[in-house]
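Welcome, and thanks for taking a look.

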Amino acid sequence: MHIPDGILDPITTIILWIVTISFMILGYFRMGKMFEKEDSEKIIPYIGVLAAVIFAFQFVNYPVPGGTSGHLVGGTLVAIILGPWASVIVLFLILVIQSLFGDGGITALGANVFNMGIIGGIVGFYLVMLFVRLLNNTSMKKELKVTIATAIGSYIAIVLASLICGIEISVGGVIPIEIAVPAMVFWHLLIGLGEAIISALIIFYIYKTKPDFITTESMLGVK
Amino acid sequence: MAEKNRYKWPSITIFVIIATLMLVIAVGFTLGFLSENPDGLERVLTDYFGEEWLENLFSPWIPFLSWITNDYVAGIIGIVLSIAVLMGTFYLITRLKKRNLK
């Protein structure tokens, strides 16, 4: 879903840059309290691990039926671990590094962060929160509730991000909206399954091995 | 000692992730769980315009690391860069936030 340079029109590019920068500034101020604690540096090495995991999984393209491939975006996953506002900054940094390799454009960075960090991260997080609260009415174990909610939330977030991406590329008149949106959504309905499975497995694994690394448990309202 | 222990398991985990990625690249295409097919957006654009159009899009810069075509090298450099940039940024964020609290 990495938009290259030369696809978006200048107005869309500028608007999405402004929105993204605003969200990052807001993100810095609204980031979880864990970054203000006396021992908050403890989390830094684990952020390094998270960076390695996200980059490694984004590198691995899995096949999707119909001659397409997909890879993890990880917005929702990062948001569940570090909080929705921190996820925008993480995705921004990861996308900057990827653009150095030519994966996603530099002018389109604002749009890419909007799609993968804001829609994938913040919207994805609140979707997971909604599903956790729905699952609180069941007798499931809490790690299972968060795992299932992660799968559903990250799936919807990816499909939603692809819909927004389809609208963005059609706004400048590159591809008609009636072609861009259905095609983007169709492929991401398939690609999103991989995102849901990988995100859910990683969250389940963290819950089993280092549950305190999921810093948003109280925010998610899991019981 | 505490400082050493703090970095021990994250460091081991990062080495395991890099080793696993190298192994996945080595066998992934052979076994078919990796694919070089275009992703969702590339597919939509190539279906509409063709591959040549996508390759000739105007960009205001040449990506600094685009000369790295070897998957193994790109994977390792990408992971190392991601770790350095993210850890550095969040270290600065925590320092700034604490300083503001004081």
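In what kind of crossing, left-handed or right-handed, does helix 6 of chain A pass helix 7 of chain A? The crossing of helix 6 of chain A with helix 7 of chain A is right-handed. This is a predicted model, in which local features need pLDDT of at least 70 and side-chain atom pairs count only at pLDDT 80 or more, while totals for chains, interfaces and linings use all residues. Residues are numbered from 1 along each chain as its sequence is written, and chains are lettered from A and ligands numbered from 1 in the order in which they are written.

- A crossing counts as left-handed if the near helix is turned anticlockwise from the far one by less than a right angle, and as right-handed if clockwise.
- Helices (H or I, at least four residues) and strands (E, at least two) are DSSP runs, numbered from the N terminus.
- The axes of helix 6 and helix 7 of chain A cross at roughly 155° and come within 7 Å; axes are lines fitted to C-alpha atoms, for helices over the stretch in contact, and angles run from 0 to 180 degrees between N-to-C directions.
- Helix 6 of chain A is therefore roughly antiparallel to helix 7 of chain A (angles under 35 degrees count as roughly parallel, over 145 as roughly antiparallel, 65 to 115 as roughly perpendicular and the rest as oblique).
- Their contact holds 23 nonpolar, nine polar and three charged residues (Ala, Val, Leu, Ile, Met, Phe, Trp, Tyr, Cys and Pro count as nonpolar, Asp, Glu, Lys and Arg as charged, and the others, Gly among them, as polar).

**Where chain A meets chain B**

- Chain A brings 55 residues to the contact and chain B brings 48 residues; two residues are in contact if their C-beta atoms, placed from the backbone, lie within 7 Å.
- On the side of chain A that touches chain B, helix 2 of chain A gives the most, with 12 residues.
- That side of chain A has 35 nonpolar, 16 polar and four charged residues.

**Helix 2 of chain A and helix 4 of chain B**

- These two helices pack at an angle of about 145°, with their axes 8 Å apart.
- Helix 2 of chain A passes helix 4 of chain B in a right-handed crossing.
- Among the residues that meet here are A:Phe55 and A:Phe59 from helix 2 of chain A, and B:Gly75 and B:Phe90 from helix 4 of chain B.
- The residues of this contact are 13 nonpolar, four polar and no charged.

**Domains of chain B**

- Chain B is divided into domain 1 (1-57) and domain 2 (69-102), with bounds from an automatic or database domain assignment.
- The C-alpha centres of these two domains lie 18 Å apart.
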